[in-house]
Amino acid sequence: MGSRLVSVTEAGEVVDRGSVGAGGQVSMVYSFDRLAIASGGTLYYYESNGAKLQAVTDVDIGTVLDVAWLGGYFIVTDGTSIVVTELNDPTAVNPLKYGSAESDPDPIKAIASINDELYAFGRYSIEAFRNVGGDFFPFQRIDGARVSKGIIGTHAYCAAAGTFAFLGSGRNEAPGCYLMAPGSCPKFSTREIDQILKTYTEKELSAVVMECRVDDGHERVMIHLPARALVYDVAAARARREPGC
């Protein structure tokens, strides 16, 4: 809430857990024993036992845009590199273990994991990695899984329909809404929605937030634009065998 990390008890009491910077949209993921919050360019940890909220101060972590957790590692990106924390100390970073997206020099906007795979979301491409271990960067690029479209902003994606839904485009393309599949991206925004998206600038769309909500068997992707919200009903689209939001 604002610049504070809070928890809500079963009785509805709001408990202030501490400051996470200047506020704004954040990313949160959890491991077995701590919650990670990427907020205002800094990575914070809140331990599950409620002992403390702390910022990661290791200078090698850089500016934190987004955070994911996979295989015991917290993984972040500063827009250029993919950075992993140490297995035995999640507050420490070894610069020899930096990785990067290899097929396109576009900036990395976000980082996420699903189905035991790591995904680097660039502005015009998406690359997938698998955990192979080793002494240096522990993730290896998956050949053939690259997607030639990327996301427009750090929070312009969400896990949905067993994959990722995102707002973005390829190079020299107008923004649209897509579902990610290995090597491809079926589009689910209609022409009407595409026309709405064209009324916003790239900068405005970079602040878009997407989320997925499941209720009574319906999975809906919510796309929060600056002045309106769009909804994609996954079940309805499957029933009609056509896209549309």
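Modeller: Gladly, and let's begin with a contact, which means heavy atoms within 4.5 Å. Not counting residues up to four places away in sequence, Val-8 touches Glu-13 and Val-14. Val-8 belongs to strand S1; strands (E, at least two residues) and helices (H or I, at least four) are DSSP runs, numbered from the N terminus. A word on the source: this is a predicted model, where local features need pLDDT of at least 70, side-chain atom pairs count only at pLDDT 80 or more, and totals for chains, interfaces and linings use all residues. Residues are numbered from 1 along each chain as its sequence is written, and side-chain values use heavy atoms, with hydrogens and water left out.

Biologist: Is Val-8 buried or exposed?

Modeller: The scale runs on relative accessible area: buried is under 20%, exposed is over 50%, and partly exposed is in between (1.4 Å probe, protein chains only). Val-8 counts as exposed because its relative accessibility is 53%. His-155 counts as buried, at 18%. His-155 sits in the loop between strand S15 (150–151) and strand S16 (157–160). Leaving aside neighbours within four places in sequence, His-155 is in contact with Gln-25, Val-26, Ser-27, Val-208, Val-209 and Met-210.

Biologist: How many salt bridges are there by the rule you use?

Modeller: The rule asks for a side-chain nitrogen of Lys or Arg within 4 Å of a carboxyl oxygen of Asp or Glu. By this rule the count is 10. In one of them, Asp-16 pairs with Arg-4, and the closest N and O atoms are 3.1 Å apart. This pair links distant parts of the chain, with Asp-16 in strand S2 (residues 14–19) and Arg-4 in strand S1 (residues 4–8), 12 residues apart. Asp-16 is partly exposed at 44% relative accessibility, and Arg-4 is partly exposed at 35%.

Biologist: Which residue meets Lys-187 in a salt bridge?

Modeller: That partner is Asp-194, at 2.6 Å from N to O. Salt bridges that share partners also join Glu-127, Arg-141 and Asp-143 into one network.

Biologist: Where does Arg-123 lie, and which side chain does Arg-123 join in a polar contact?

Modeller: A polar contact is a pair of N or O atoms within 3.5 Å; within protein, one must be able to donate a hydrogen and the other to accept it, and residues adjacent in sequence count only if both atoms are side-chain atoms. Arg-123 lies in the loop between S12 and strand S13 (126–131). The side chains of Arg-123 and Glu-202 are joined by a polar contact of 2.7 Å. Arg-123 is buried, at 4% relative accessibility. Not counting residues up to four places away in sequence, Arg-123 touches several residues, among them Asp-106, Pro-107 and Gly-168.

Biologist: And what lines the largest cavity?

Modeller: Rolling a probe the size of a water molecule over the atoms shows where empty space is left. On a 1 Å grid over the protein atoms alone, a cavity is a set of points where a 1.4 Å probe fits but cannot get out, and lining residues have an atom within 4 Å of a point. Grid points are joined across faces, edges and corners, and a volume is the space filled by probe spheres set on the points. The largest cavity holds about 40 Å³ of space. Its lining includes Ala-101, Asp-106, Pro-107 and Glu-127. Strand S12 (residues 117–122) gives the most to this lining, with three residues.

Key. On a 1 Å grid over the protein atoms alone, a cavity is a set of points where a 1.4 Å probe fits but cannot get out, and a pocket is an open set with protein on both sides within 12 Å along at least five of seven lines; lining residues have an atom within 4 Å of a point.
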